[in-house]
Amino acid sequence: MAKSTPAFTCSACGAAHRKWAGRCDACGAWNTIVEEAPLSAGPGAKSLGAQRGRTIELTDLATEEAPPPRAISGIDELDRVLGGGLVPASALLVGGDPGIGKSTLLLQAAAAFARSGLGCLYVSGEEASAQVRMRAARLGLADAPVRLGAETNLRDILTTLDAERPALAIIDSIQTMWSDSVDSAPGSVAQVRAACHELVSFAKRRGTSVILVGHVTKDGQIAGPRVVEHMVDTVLYFEGERGHQFRILRAVKNRFGAADEIGVFEMTGQGLAQVTNPSALFLSERGQASPGSAVFAGIEGTRPVLTEIQALVAPSPLGTPRRTVVGLDAGRLSTILAVLEARCGIPFAGLDVFLNVAGGMRVSEPAADLAVAAAILSAREDAALPPDMVLFGEISLSGALRPVAQTENRLKEARKLGFSQAVAPARSKTGAEDGMRVRQMQDLTAFVGEIFGAG
């Protein structure tokens, strides 16, 4: 039998290498490449060769079987992100910055599921059981029928899960779990991959839903190999700024529901409280109309969300003006400034441009281009936009405004919050929204001329 070739893997990004090197070519990290023993190198390993396995049972795709019912927690924002509830035998991965509230959210979710009749087991690898109970008492969850465990040995955890057979198991966190069959330190790529594989396999085999907590890197990505995100059914990110009280639970991947769905929570002294109207929260600090402020009617997942985009344009003492962006893609700002200068004849040379999404919200939708351009022009001309106006539309490189999806839902949300006029691209399906005046613009030049009186 041929001798197996050793494999080398980067512990920072999970990239595979044929030989050891001091620096990873994929992520640029130093001294992170470690050797991993191949699966066939373990004791008692056998090659499949010509051996035949057992046959598997096949079922007809058209067989009429009722899908398994979802478990409803009663926390509407969480159920929304999950796609309508927790699917039995599913595996979820939750990531977020340290101290953002992942453990608090999952403890509240476990208590909500347990009170609805679901058997829940919370396994902590970072805290003792007494510390988890202390947090539960602070959150008013001391009477919740949730069973606790403090363990990091994967074999003991799987044995307990097999004996208890809970409907939901929460593992906090996957980086602290270690398997005695893998010869590497806890938290390494091999340990994380092995632990995740065993837990996901147990979930599919026994019908237990498993929620895994994952640490994130300084770039905001879940630490460990990317294969972990492919193993699980759903990947959720818990986002938020420490200076703001709200948190956003975002679905990045969901096999049982819509991706990019968000749930909004507010951090209080009694834990996380769900926010049923996030638009009102993001606009709560919006006062009188001021230059450099524009309201964007966006879509996050399936829900419309209104956010305030703020801009500041000031003379720059530097040779190269600054372009500072918070909550938006910096590349989009550069593109919008170039279009304004090339198509509308509005120069920004020698001017610093600062852009911010109020409340710490992050906007990645191209439909925010028109609101960004309006906020920048308002700040540059020192002219405030009407306080009852919302804007949305994508700007092309030619200066034309492109229609965006779900225009009617955006207008309906704006009308609900008291806005009476909107600026949208031409050919948008606006519907018939009572009390809402929609001004459709063909291109950016027409928008500048009508709103600011120049172009």
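View 1. Strand E10 (residues 246-254) and strand E11 (residues 262-268) run antiparallel and are joined by 5 bridges. Helices (H or I, at least four residues) and strands (E, at least two) are DSSP runs numbered from the N terminus, and two strands pair if DSSP finds at least two bridges between them. The model is predicted: local features need pLDDT of at least 70, side-chain atom pairs count only at pLDDT 80 or more, and totals for chains, interfaces and linings use all residues. Residues are numbered from 1 along each chain as its sequence is written, and side-chain values use heavy atoms, with hydrogens and water left out.

**View 2. An open sheet of 9 strands shows mixed pairing.** The strand order is E6-E5-E7-E8-E4-E9-E10-E11-E12. Strand E6 (146-150) and strand E12 (271-274) stand at the edges, and each has a single partner strand, so one side of each is left without a neighbour in the sheet. On average, neighbouring strands of this sheet are turned by 25 degrees against each other, direction ignored. Axes are lines fitted to C-alpha atoms, for helices over the stretch in contact, and angles run from 0 to 180 degrees between N-to-C directions.

**View 3. Helices H2 and H3 lie across strands of the sheet.** Helix H2 (residues 102-115) lies across several strands, among them E4 (91-96), E5 (120-124) and E9 (234-239), and runs at about 160 degrees to E5. Helix H3 (residues 129-138) lies across E5 and E6, at about 140 degrees to E6. Contact here means heavy atoms within 4.5 Å.

**View 4. Strand E13 (residues 293-300) is largely enclosed by the rest of the structure, because 8 of its 8 residues are buried.** Buried means under 20% relative accessible area, exposed over 50%, and partly exposed in between (1.4 Å probe, protein chains only). Both faces of E13 are covered, with Ser293, Val295, Ala297 and Ile299 on one side and Ala294, Phe296, Gly298 and Glu300 on the other. E13 is joined to strand E14 (residues 303-315) by 8 bridges, and the two run antiparallel. They form a hairpin with 2 residues between them, and Gly301 in the turn has a positive phi of about 75 degrees. Strand E17 (residues 389-391) runs parallel to E13 and is joined to it by 2 bridges. Phe296 stands opposite Thr307 in E14, and its bridge partner in E17 is Leu391.

**View 5. The count of aromatic pairs comes to 2.** Rings of Phe, Tyr and Trp (its six-membered ring) pair if their centres lie within 6.5 Å; planes under 30 degrees apart count as stacked, over 60 as edge-to-face and the rest as tilted. The rings of Phe238 and Phe265 have centres 6.4 Å apart and planes at 65 degrees, so this pair is edge-to-face. Phe238 lies in strand E9 and Phe265 in strand E11, so the pair ties together parts that are 27 residues apart in sequence. Phe238 is buried, with a relative accessible area of 2%, and Phe265 is buried, also with a value of 2%. The rings of Phe447 and Phe452 have centres 6.3 Å apart and planes at 80 degrees, so this pair is edge-to-face. Phe447 and Phe452 are buried.

**View 6. Arg380 lies over the face of Phe348, and Arg410 over that of Phe392.** Arg380 is 5.6 Å from the ring centre of Phe348; Arg410 is 5.6 Å from the ring centre of Phe392. A charge sits over a ring if NZ of Lys or CZ of Arg is within 6 Å of the ring centre and within 35 degrees of the ring normal.
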